[in-house]
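Me: I'd like to learn how to read a few features of a model, one at a time. Could you walk me through them?

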Amino acid sequence: MEIFSVLKYTFKNFYEHLFKFVILGLVWFIVTFLLLLIALVSVSTGWFIMLLIPLFFLGPTFLTALYAVNRLLEYKEFSTIILYKYFKRVFWKSIFMYFASIIVYAVFIIDLRFFLLKGQENLWLLAFAFLFAYLLIYFSIYQAYLWSLLVIQEDKNLKDILKNALIISLDNIAFSLFWFLFILLITLILAVLGIGIPTAFIGIIGTLILKGSKEMLAKY
């Protein structure tokens, strides 16, 4: 199965570039942790204006880290200057995608919660809860394709990338479900290990979503 080929590639390359992936993962984790800490402080203190900092930088930070993973896979290297230039180049695009993703997730989660509560009294409403649960899972799969394609197809406009992510995710649903399951499973294992998230998450999960997207993209 294609999924096992993608998994083999992921762990093989993570091992080959272990030191660089760990350094990259630590930098990404520290920056992300600080941004989330700012968000927590802003909410707890009521200084909501501070929320703009994580809201504006979490998306570009993740996309730049994903680009660094792709540089390692394709060219065996990356540099601070190259990453900084990429960060500036995709800053507004990644902010737009990050805000759009948050809004869609919020809508699905609110609707899922609403129909789950109402479904205790009405089975028809409970069916809508299952529908929104499916949409939430599918949208997460779509997000994995979307963010990886933002790196892989950087030269294309955003409309084409959105369309390509939609086509690939719908046309390869069996692979996508197994792929997403392994993304969740590996993330859970890394979280349980504790040190796994800062040292291995961006290297392993980044490689997994990039390779999976490239494999599916190669069919078209």
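Me: How many aromatic pairs does the count come to?

Reply: A pair of aromatic rings is described by the distance of the centres and the angle of the planes. Rings of Phe, Tyr and Trp (its six-membered ring) pair if their centres lie within 6.5 Å; planes under 30 degrees apart count as stacked, over 60 as edge-to-face and the rest as tilted. By this rule there are 21 aromatic pairs. One of them is F29 with F33, a stacked pair with 6.1 Å centre to centre and 20° between the planes. Both F29 and F33 belong to helix 2, four residues apart, which is about one turn of the helix.

This is a predicted model, where local features need pLDDT of at least 70 and side-chain atom pairs count only at pLDDT 80 or more, while totals for chains, interfaces and linings use all residues. Residues are numbered from 1 along each chain as its sequence is written, and side-chain values use heavy atoms, leaving out hydrogens and water.

Me: At what angle do the axes of helix 2 and helix 8 cross?

Reply: Helices (H or I, at least four residues) are DSSP runs numbered from the N terminus. Axes are lines fitted to C-alpha atoms over the stretch in contact, and angles run from 0 to 180 degrees between N-to-C directions. Here helix 2 (residues 18-45) and helix 8 (residues 196-217) cross at roughly 110°, their axes coming within 7 Å. Angles of 65 to 115 degrees count as roughly perpendicular, and over 145 as roughly antiparallel. Helix 2 and helix 8 are therefore roughly perpendicular.

Me: Which residues in helix 2 and helix 8 meet?

Reply: Contact means heavy atoms within 4.5 Å. On the helix 2 side F21, V22, L24, G25, L26, W28 and F29 take part, and they meet I197, P198, T199, F201, I202, G203 and T207 in helix 8. Ala, Val, Leu, Ile, Met, Phe, Trp, Tyr, Cys and Pro count as nonpolar, Asp, Glu, Lys and Arg as charged, and the others, Gly among them, as polar. The contact of helix 2 with helix 8 has ten nonpolar, four polar and no charged residues.

Me: How do helix 4 and helix 5 pack?

Reply: Their axes lie 8 Å apart at an angle of about 170°, which makes helix 4 roughly antiparallel to helix 5. The residues of this contact divide into 23 nonpolar, four polar and three charged.

Me: Which element gives the most to the lining of the largest pocket?

Reply: Helix 8 does, with five residues. The lining as a whole divides into 17 nonpolar, seven polar and no charged residues.

Notes. Helix = DSSP H or I, 4+ residues; strand = E, 2+ residues; numbered from the N terminus. Parallel < 35°, antiparallel > 145°, perpendicular 65-115°, else oblique.
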